[in-house]
Amino acid sequence: MAAEPGEPVWPPVARFFCTVARGLEPFLMREVRARLEATEVEYILGKVFFTTCADLNMLKKLKSAERLFLLIKKQFPFNVSSVSKGKIFSEIQRLINDEPESWLNVISIWKNLLELDAKKEKLSERDANPLKRKMGKDDTILGKKLKTEQMQETQETRECQLEKQREEETLEQGDFFTKREEFQEALQNDVAEAVDTHNQNDLTFRVSCRCSGTIAKTLTAQEIGKVIGIALMKQFGWKADLRNPNLEIFIHLNNIYSVVGIPVFRVPLASRAYIRTAGLRSTIAWAMASVAEIKAGTVVLDPMCGLGTILLEAAKEWPNCHCLQEVSILLFLTFHSGKSLS
């Protein structure tokens, strides 16, 4: 079926990258291939790049990643040796000015992902309450019926009053409708212009910059962020908002690469809603549990469980296994009690 005009095209094949704890890159590479059927998977220290058409619900399931970004640009590092600051600033601005269409394409994918995710959430909420929808529909029909009966009772009285009023308003009616049509036409034009302007300039943004290596000795992250921000405002007409922006631009510059991307989620993937107490890092706990090759029906026991982060990750990832946190804590206490007595 062809997409209707204005409807986002699905699935949007996009290039992503994730930040990851050092040493967990192989875990994340295997995970994106298995969960997302990702292609063109590659990594550099602390980051994994991949291409996929997965939706946000699937992307949220990544367990070994810290943060997820849509990739705008990845290139070789800037040469800052024996070059003036003005030259470096000019080179940095070329990240935006050389290929503005690549920025607009990624922004379009980002918007489509968010819109489609919102539509799916609305559909799931509606499907989750069929009885409520049916009752609401019955109530609506009953209300309409009562309203119709009331309208019929007063219809004759209204007709008499309207007949009298029509005779008095005949002369004024023509002018009134003419003015109303002119007003509606002007209003529609204003709305159309406002929508066009809103679509072009509605984005607010801020720049988050990380620098390391040689470039960090020459320029500060604040200087680079300011240069990028000015270039974005001039190129696209966006407005800077450091407190509550619609969009965040992430830039990482070092001696190995220059990477620009957009965070897909405000909250890092490593922040788990089911982990309320800080303990072992959730990504590391998941990786340790995955090494155990847990199968359905397996009993998972962690005698030194501490806050039980590994058991929580195992229980969420493999719900058919048995994670005995109470037994693990009991063994932990017994072990330490016996050790202290001896």
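**Notes on the helices of this model**

1. Let's start with helix H3 (residues 85-97): its 13 residues reach 18 Å from the first C-alpha to the last, close to the 18 Å expected at 1.5 Å a residue. The expected span here is 1.5 Å times one less than the number of residues. Helices (H or I, at least four residues) and strands (E, at least two) are DSSP runs, numbered from the N terminus.

2. A word on the basis: this is a predicted model, where local features need pLDDT of at least 70 and side-chain atom pairs count only at pLDDT 80 or more, while totals for chains, interfaces and linings use all residues. Residues are numbered from 1 along each chain as its sequence is written, and side-chain values use heavy atoms, with hydrogens and water left out.

3. Back to H3, where Ile88, Ile92, Leu95 and Ile96 are the buried residues; buried means under 20% relative accessible area, exposed over 50%, and partly exposed in between (1.4 Å probe, protein chains only). They cover an arc of only 105° around the axis, which puts them on the same side of H3. The arc is taken from the directions from the helix axis to the C-beta atoms. An α-helix has 3.6 residues a turn, so residues three or four places apart point the same way.

4. Gly237 follows H7 and has a positive phi, near 75°.

5. Do have a look at helix H1 (residues 25-36) against helix H8 (residues 282-291): they pack at an angle of about 75°, with axes 11 Å apart. Axes are lines fitted to C-alpha atoms, for helices over the stretch in contact, and angles run from 0 to 180 degrees between N-to-C directions. H1 and H8 are therefore roughly perpendicular, a label for angles of 65 to 115 degrees.

6. In that packing, Phe27, Glu31 and Arg35 of H1 meet Trp286, Ala287, Ser290 and Val291 of H8, contact meaning heavy atoms within 4.5 Å. These residues divide into four nonpolar, one polar and two charged.

7. Ser108 lies in helix H4 (residues 100-128) and is partly exposed, at 34% relative accessible area. Its C-alpha atom is separated by 9.6 Å from that of Pro12, 96 residues apart along the chain.

8. Overall, the protein has ten helices and ten strands, and buried residues make up 33% of its 342 residues.

Notes: Angles under 35 degrees count as roughly parallel, over 145 as roughly antiparallel, 65 to 115 as roughly perpendicular and the rest as oblique. Ala, Val, Leu, Ile, Met, Phe, Trp, Tyr, Cys and Pro count as nonpolar, Asp, Glu, Lys and Arg as charged, and the others, Gly among them, as polar.
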